Amino acid sequence: QVQLVESGGGLVQAGGSLRLSCAASGRTGMGWFRQAPGKEREFVAAISASGGSTSHADSVKGRFTISRDNAKNTVYLQMNSLKPEDTAVYYCAARGTPFGLSLRETGYEYWGQGTQVTVSS
C-alpha cells in the first residue's frame, strides 16, 4: 500500500510559477494528472522509480518539469509560465510496480487526494 500526500497548490497569476509536491510512502513510478471542470482527467507528467526516465504531455512541455528526490520519497512538479488553461485539480499517482512509467491512468494503482491549482488571467 502506497500513501500519497500532495501539497503546493494555490492561486497564481498567468505567467507565474508553482511547485507541487507529493510525498510517497514507497518508491515506484509516479505521475501527475489533472482534471479541469467539466473535463476528463488527463496526463501531465510521469517519472520512473529511479528518476532516470520522464515524460511530459505536449501541452506542458517546456513549462512543467517532473522530478523526484528519492532520499525524501518525494516527487515534484515544477510549473512555470502558467496559463489560465492550466487551472485544474492536480493529482499525484503511484504505480503498483517499481518498473517503468505510464502515461495512462490505468497504469497507476494509488492516487492522492488532489490539490487545486487556479491560474488567473
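This is a predicted model: local features need pLDDT of at least 70, side-chain atom pairs count only at pLDDT 80 or more; totals for chains, interfaces and linings use all residues.

Trainee: Let's zoom out. How many helices and strands does the protein chain have?
Mentor: Zero helices and 11 strands. Read from the N terminus, the elements go β-β-β-β-β-β-β-β-β-β-β. The radius of gyration is 13 Å, close to the 14 Å that the globule rule gives for 121 residues, so the chain is as compact as a globular protein of that length.

Trainee: What box do the C-alpha atoms fill?
Mentor: Roughly 40 × 30 × 25 Å, taken along the principal axes.

Trainee: How much of the chain is buried?
Mentor: Buried residues are 49% of the 121.

Trainee: What share of the contacts is between residues 24 or more positions apart?
Mentor: Take the contacts with a separation of 6 or more: 57% of them join residues 24 or more positions apart.

Trainee: Now the cysteines. How many disulfides does a search of the whole structure find?
Mentor: The general idea is that a disulfide is a covalent bond between the sulfur atoms of two cysteines. Here the search finds one. C22 and C92 form it, with their sulfur atoms 2.0 Å apart. C22 lies in strand β3 (residues 18-24) and C92 in strand β9 (residues 88-94), so the pair ties together parts that are 70 residues apart in sequence.

Trainee: Is that disulfide left-handed or right-handed?
Mentor: Check the torsion about the S-S bond. For C22 and C92 it is about -80°, so the disulfide is left-handed.

Trainee: Are C22 and C92 buried or exposed?
Mentor: Both C22 and C92 are buried.

Trainee: On to the rings. How many aromatic pairs are there in the whole structure?
Mentor: Four, by a search of the whole structure. With each pair, read the centre distance and then the angle between the planes. F33 and Y108 are edge-to-face, at 5.4 Å centre to centre with 80° between the planes. F33 lies in strand β4 (residues 30-35) and Y108 in the loop between β9 and β10 (110-111), so that pair ties together parts 75 residues apart in sequence. Both F33 and Y108 are buried.

Trainee: Why is the pair of F33 and W111 tilted?
Mentor: The ring centres of F33 and W111 are 5.1 Å apart and the planes are at 55°, so the pair counts as tilted. This pair links strand β4 with strand β10, 78 residues apart.

Trainee: Is W111 buried, exposed or partly exposed?
Mentor: W111 is partly exposed, with a relative accessible area of 27%. F33, by contrast, is buried at 1%.

Trainee: Which residues form the aromatic cluster?
Mentor: F33, F43, Y108 and W111 form one cluster.

Trainee: Let me finish with S102. Where is the place of S102, and which residues does S102 touch?
Mentor: S102 is in the loop between β9 and β10. Leaving out residues up to four places away in sequence, S102 touches F43, A46, R95, G107 and Y108. At 11% relative accessibility, S102 counts as buried. A polar atom of the S102 side chain lies 3.1 Å from the backbone nitrogen of R104.

Methods
Residues are numbered from 1 along each chain as its sequence is written. Side-chain values use heavy atoms; hydrogens and water are left out. A disulfide is a pair of cysteine sulfur atoms within 2.5 Å. Helices (H or I, at least four residues) and strands (E, at least two) are DSSP runs, numbered from the N terminus. Buried means under 20% relative accessible area, exposed over 50%, partly exposed in between (1.4 Å probe, protein chains only). The radius of gyration is taken over C-alpha atoms; the globule rule is 2.2 Å times the number of residues to the power 0.38. Contact means heavy atoms within 4.5 Å. Rings of Phe, Tyr and Trp (its six-membered ring) pair if their centres lie within 6.5 Å; planes under 30 degrees apart count as stacked, over 60 as edge-to-face and the rest as tilted. A polar contact is a pair of N or O atoms within 3.5 Å; within protein, one must be able to donate a hydrogen and the other to accept it, and residues adjacent in sequence count only if both atoms are side-chain atoms.
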